[in-house]
Amino acid sequence: MKYRSAFDIIGPVMIGPSSSHTAGAARIGRVARTLFGKLPTKAIISLYGSFAKTYKGHGTDFAIVAGLLDLDTFDERMPKSLAIAKDLGLEVVFQAEEAVTDHPNTVKINLYGGDDELELVGISIGGGTIEITELNSFPLKLSGEHPAILVVHQDRFGIISAVTSVLSKYQINIGHMEVSRLDKGEMALMVIEVDQKIEDMVIEELSNLANVSKIIRMAE
Amino acid sequence: MFRNVAELVQLAETNQVKIAEIMIRQEIEVSGLTREEVIAKMDKNLTVMEQAVERGLNGVHSHTGLTGGDAVLIQNYIKSGKALGGTVLLDAVSKAVATNEVNAAMGVICATPTAGSAGVVPGTLFAVKEKLLPTREEMIEFLFTAAAFGFVVANNASISGAAGGCQAEVGSASGMAAAAIVELAGGSAQQAAEAMAITLKNMLGLVCDPVAGLVEVPCVKRNAMGASNAITAADMALAGVTSRIPCDEVIHAMFLIGQSMPSSLRETAEGGLAATPTGRRLEQEIFGSGNTVKLKNLIRS
């Protein structure tokens with residue numbers, strides 16, 4: 001089931017005018033910001049389908065940027081986010097794409113800052129609910145509604161067992177988990193949605209595991 | 001967890017509780033929150049709805065000037081005593097419009113189930129409130145009943161205009177409101193399902209064709225009609241009228257109709273009212289020729 005909560009239907013509390021094109025877009029932007037871990041210096045935002053056709057009227061542009069600034073869906077500064085971004089030194093480029101995507105509300109966000117880069121694809125499926133479908137070319141499914149751990153690692157035997165053993169030790173229950181890899185033995189990504197809050201020591205222990213190159217934590 | 005309306009009605013009947021209670025119990029289970037926390041969360045959303053309606057009834061206008069002020073006009077007309085439609089009906093229309101005028105003006109609203117359709121559920125709630133005089137708790141229950149029906153539509157069809165047209169947004173909102181009105185008025189779970197079916201049947205095929213890609217024309221007035229549709233269907237169900245096509249089948253029909261709708265009529269501003277000469281002229285006036293500068297100036301001012 002795509003929708004799990006009564007508050008997916010009655011909610012979110014948000015700045016208008018559109019739950020999918022404004023609130024959902026802001027949420028995708030905010031997940032990108034969380035995954036990037038800091039304010040980027042440049043963002044290239046590519047819009048597809050209905051997003052590309054109506055982003056001006058729906059405020060999708062300022063909503064995504066508000067998300068990149070870590071603003072909530074009900075933050076009244078949202079409509080001014082483009083000006084705020086400029087003041088903070090975030091350069092934003094919008095591209096309306098012609099390509100047809102699986103879902104009509106699709107956005108690709110490329111973030112740059114220092115030596116770091118991130119590419120994320122998200123879809124806004126209605127009522128403010130979103131799914132992240134791609135991260136740095138890895139296909140994945142992430143709602144952004146639950147605490148999650150993303151583990152970037154080398155594709156080796158035993159790594160899944162090592163990661164889940166750590167979670168088990170701290171009595172953290174896994175709600176959803178998936179693993180994808182670029183190629184056999186290459187870079188791989190583990191996405192683990194959990195029920196509990198993830199403490200710093202868990203992240204630290206996971207980071208020290210062999211063949212793990214990066215841990216990203218997403219709070220609720 | 002209920003998967004469709006039939007299961008939802010059966011759960012309520014078997015446990016001899018309201019549909020709202022089934023939704024509350026499920027939310028407690030899924031979220032891990034306590035009952036008090038779940039209720040408090042919905043109470044907050046209810047407060048946002050009250051504030052949005054109040055702001056709209058005081059008169060609000062969007063940045064583009066396309067919408068605003070109609071909620072006030074309707075309220076004044078009700079006060080004149082000349083209204084032909086019932087007071088509750090017109091009050092619901094006015095309060096639905098008020099909410100969506102605030103939404104169009106980029107104010108704070110609560111999506112029910114979406115922002116573009118955010119007027120229907122609170123509009124009808126605050127209008128029937130005047131007649132049924134519910135407690136705060138019953139008003140919160142109203143929102144959980146609406147959520148339960150919206151939950152089924154969202155998981156089995158769609159609540160996105162880009163995926164399923166306006167029938168998925170204002171159509172879903174109206175069905176949710178109709179069912180919640182029935183339960184608040186003391187109707188049975190089955191009668192709530194009948195009201196949802198009757199409402200949605202009359203919203204099937206409604207396209208999403210927003211002028212200039214804004215959530216203003218015709219969205220605000222569609223919320224008005226959605227609210228009146230909900231109240232009419234709720235009254236019909238409470239009178240004992242049933243839907244020949246079961247609610248779940250109506251929802252599935254809505255899904256299939258959405259699937260076969262061309263993209264030009266699913267929130268792309270390429271067809272329908274958006275493509276009329278006046279729709280195109282307004283788009284040109286607001287955005288110029290593919291230039292975003294004007295909108296950004298409007299937003300920053």
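This is a predicted model: local features need pLDDT of at least 70, side-chain atom pairs count only at pLDDT 80 or more; totals for chains, interfaces and linings use all residues.
In chain A, 6 strands form an open sheet in the order β3-β2-β4-β5-β6-β7, with mixed pairing. Its edge strands are β3 (91–96) and β7 (138–142) of chain A, each of which pairs on one side only. Averaged over the sheet and with direction ignored, neighbouring strands are turned by 20° against each other. Within this order, strand β2 (residues 42–48) of chain A pairs with strand β4 (residues 105–113) of chain A in the antiparallel sense, over 7 bridges, and A:L47 has A:V107 in β4(A) as its bridge partner.

**Helices across the strands**

Two helices of chain A lie across strands of chain A, as the table sets out.

| Helix | Strands it lies across | Angle |
|---|---|---|
| α2(A) | β4, β5 and β6 (129–135) of chain A | about 150° to β5(A) |
| α4(A) | β2, β3 and β4 of chain A | about 140° to β2(A) |

Helix α4 (residues 60–68) of chain A holds A:D61. This residue counts as buried because A:D61 has 23 C-beta neighbours inside 10 Å, where 20 or more are required. Leaving aside residues up to four places away in sequence, A:D61 touches A:Y55, A:L82 and A:F94. A:D61 and A:T22 are 39 residues apart in sequence, yet their C-alpha atoms are 8.3 Å apart in space.

**The contact between chains A and B**

Across the interface, 43 residues of chain A are in contact with 52 residues of chain B. On the side of chain A that touches chain B, at least two residues each are supplied by α1 (6–9), β1 (13–15), α2 (19–36), α3 (49–58), α5 (81–87) and β5 (116–126) of chain A. The largest share of that side, 7 residues, comes from α3(A). Sorted by class, the side of chain A that touches chain B has 19 nonpolar, 17 polar and 7 charged residues.

Strand pairing also links the two chains, since β1(A) and strand β1 (residues 108–110) of chain B are joined by 3 bridges and run antiparallel. In this pairing, B:I109 of β1(B) is the bridge partner of A:M14.

Note on methods
Residues are numbered from 1 along each chain as its sequence is written. Chains are lettered from A and ligands numbered from 1 in the order in which they are written. Two residues are in contact if their C-beta atoms, placed from the backbone, lie within 7 Å. Helices (H or I, at least four residues) and strands (E, at least two) are DSSP runs, numbered from the N terminus. Ala, Val, Leu, Ile, Met, Phe, Trp, Tyr, Cys and Pro count as nonpolar, Asp, Glu, Lys and Arg as charged, and the others, Gly among them, as polar. A residue is buried if 20 or more other C-beta atoms lie within 10 Å of its own, exposed if 12 or fewer, and partly exposed in between; C-beta atoms are placed from the backbone. Axes are lines fitted to C-alpha atoms, for helices over the stretch in contact, and angles run from 0 to 180 degrees between N-to-C directions.
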